[in-house]
Amino acid sequence: MQCTRGMMAAALAVLASTTAFCQDETDTTITDVIDGVMLQVALSAAASNGSPDIINIGEGTIDVSQLSQALYYVPEGKPDPMPEETYPIWIIGAGKNKTILDGGGEINILTISTADLRDDMGASVRVTGIGFRNARNPGTSTFGALAIATGKADIMVDECSFFNCHGPDGGAIGAFSLESPASGRVTVFDCSFDSCYGAVDVSSYMGILIDECSFSRIIDRQAVEALCVNGGIKVRKCTFDSCIAVYGNGNVDCQLLGGGDIIATKNSFTKCINGALYAANNDGKVEVSKNTFTANRATGGAAVTAIAGNDGSIRLHNNYFFKNRSTNLAAAYLKTSISLSQNDAGSLIQAVNNVFAGNFSSASAAGIHAETYKGDIELINNTFAYDTSSANDCGKGTGAALFMGHNNATASVVNNVFYGGVCKEDGPRDLFIDTDWQYTLFGEPPDGEGADVRIAHNVTAADSVSVSTSVNRSSNIDDDPKLDADYKLTAGSPAIDAGDNDVWGAFGSDKQKDILGKDRIVDGLDDGDKVVDIGAFEFDGSNAVRRPQAIFPARMLLPDDVRAAYTVRGQRLPGGIALPRGVCIVRSSAGICAKKLIVDRRGR
């Protein structure tokens, strides 16, 4: 097939800056490799022929365990001024389920390294269309299926699959481009990972992209461990299901040491243990947007832990958080200032258009736990519904708990719905704010003055907001927001056209959208006034029927005196349990009511 450099470059431009070339431009094109010996001969030839190379591997399974060692491509470094093998290498299979490299459960499969070259700029590496199976590295420090190391060259792994891969440092991919200050970028695109002991471990000075990949049953190590110095880290359009990270900070562990942003967008995280997403950025932005987090568990942030330092920002926008469970913190743990040498006076924690429903915490608010020293916190147009806290006296609420360690900090809690929060004991159920918090890193004692806080245009239950000092409160609503089963506003909701438009002025007209992308400032009551609604969803007239739905986490312990059937219409049950109006709570062996939620003392 004839093609041009421009055609190939255009096809890959959205993935990485990998140097592109075509078969008619290479001196060596090796095709249809059918066994491990032939493949190693091809790799050795490509490592020393002084030309760009493409190695095509045909359909079928190659048993790599029959070789005495793993497959390898390692060009030899030579003294200056001798020429080196600074050319691209592409290894192309017939498809992730058609070309299979099998380690037999005994051996690691493929190692590629240009790190011995004086300067490997241009020696880009691409591995595509291959399935890696049953890799196992018996060593103490390396990877199971695929290891790639470069100095300045770009790395791309795309359209590959990894199954049952094991290694001391990770089972599937280890990819590193680490020569300072201008290393290559690392891209992993459209790959699947299943039943591996760790999946992707990548490092780069200049940028990392994990795109459109699926991760299932990844255990022991992280599904993604990404370390970058500059250029940023992006994880997008990926699925993470039933992953268990014993090591590291979370199942997706992103750390950025220099300039750039961490962006996690359009991903789904389901049933991940030890936290779904961890993102720490020394200087830039952490953006978590348009993700869905369901039934994840951790001692800290069950769904998200985000940390930013200096004048960085954390932006939590348009996400869904369902049934996440934290032992000590919340579904989302957000924090600025990460070392004694940093001052977060210019930092921002911002949560906009998120839905938190059915989350659980043993010690804090179940939705958001946010901490700052001198920075700003903004909660704008979020919906918190049926979140549960078992903390003593419900001391930190159920929806959000905010902590500010300096009088120069600020917080704005505007246009949020707090509804149906459940506490183990009686107390402020919705929102807790400590404006005069003892910030442990800096140790300034509380002075009784506290930070500047505004609480306005929220739907909250009466006496369900606790603030440590006097703050500005206005236009809050103590009423049923009339949510449907999807937490959207229905006709007659007091939250329609009841918000504050001014908080959306900083977003620009093109970004004044709700969680579904609908325009924010519209005339929902058809009275001629365009006013933003309260909550994550803007009412559009389509939700005419209210369908109350409470979500309770597994094993929620109810007070001992809740034993008989009660019909709840706004009243509080014995022991401080509060439920939505019209919902009946009964023992599983007692009572029938029109709208009922069967809950025994273990929440079953």
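# Close-up views of a predicted model

**View 1. The largest pocket is lined by 22 residues, and E287, H317, N318, F507 and K511 lie nearest its centre.** The model is predicted: local features need pLDDT of at least 70, side-chain atom pairs count only at pLDDT 80 or more, and totals for chains, interfaces and linings use all residues. Residues are numbered from 1 along each chain as its sequence is written, and side-chain values use heavy atoms, with hydrogens and water left out. Two or more lining residues each come from β28 (285-289), β32 (313-317), β36 (348-352) and β40 (376-380); β28 gives the largest share, three residues. Strands are DSSP runs (E, at least two residues), numbered from the N terminus. The volume of the largest pocket is about 540 Å³. A pocket is an open set of points on a 1 Å grid over the protein atoms alone, with protein on both sides within 12 Å along at least five of seven lines; lining residues have an atom within 4 Å of a point.

**View 2. The largest cavity holds about 60 Å³ of space.** A cavity is a set of grid points where a 1.4 Å probe fits but cannot get out. Residues lining the largest cavity include D169, G170, G198, D201, R221 and E225. The count of cavities of 30 Å³ or more is three.

**View 3. The cysteines C160 and C165 are both buried, each with a relative accessible area of 0%.** Buried means under 20% relative accessible area, exposed over 50%, and partly exposed in between (1.4 Å probe, protein chains only). The sulfur of C165 is 4.1 Å from the closest cysteine sulfur, in C196, which is too far for a bond. A disulfide is a pair of cysteine sulfur atoms within 2.5 Å, and the count of disulfides is zero. For C160, the nearest cysteine sulfur belongs to C191, 4.9 Å away.

**View 4. D540 and K518 meet in a salt bridge at 3.1 Å, N to O.** D540 and K518 are 22 residues apart, both in the loop between β50 (472-474) and β51 (566-568). A salt bridge is a side-chain nitrogen of Lys or Arg within 4 Å of a carboxyl oxygen of Asp or Glu. D540 is partly exposed at 45% relative accessibility, and K518 is partly exposed at 24%.

**View 5. E538 forms a salt bridge with R520, with the closest N and O atoms 2.7 Å apart.** Both residues lie in the loop between β50 and β51, so the pair ties together parts that are 18 residues apart in sequence. E538 and R520 are buried.

Conventions: Grid points are joined across faces, edges and corners, and a volume is the space filled by probe spheres set on the points. Helices (H or I, at least four residues) and strands (E, at least two) are DSSP runs, numbered from the N terminus.
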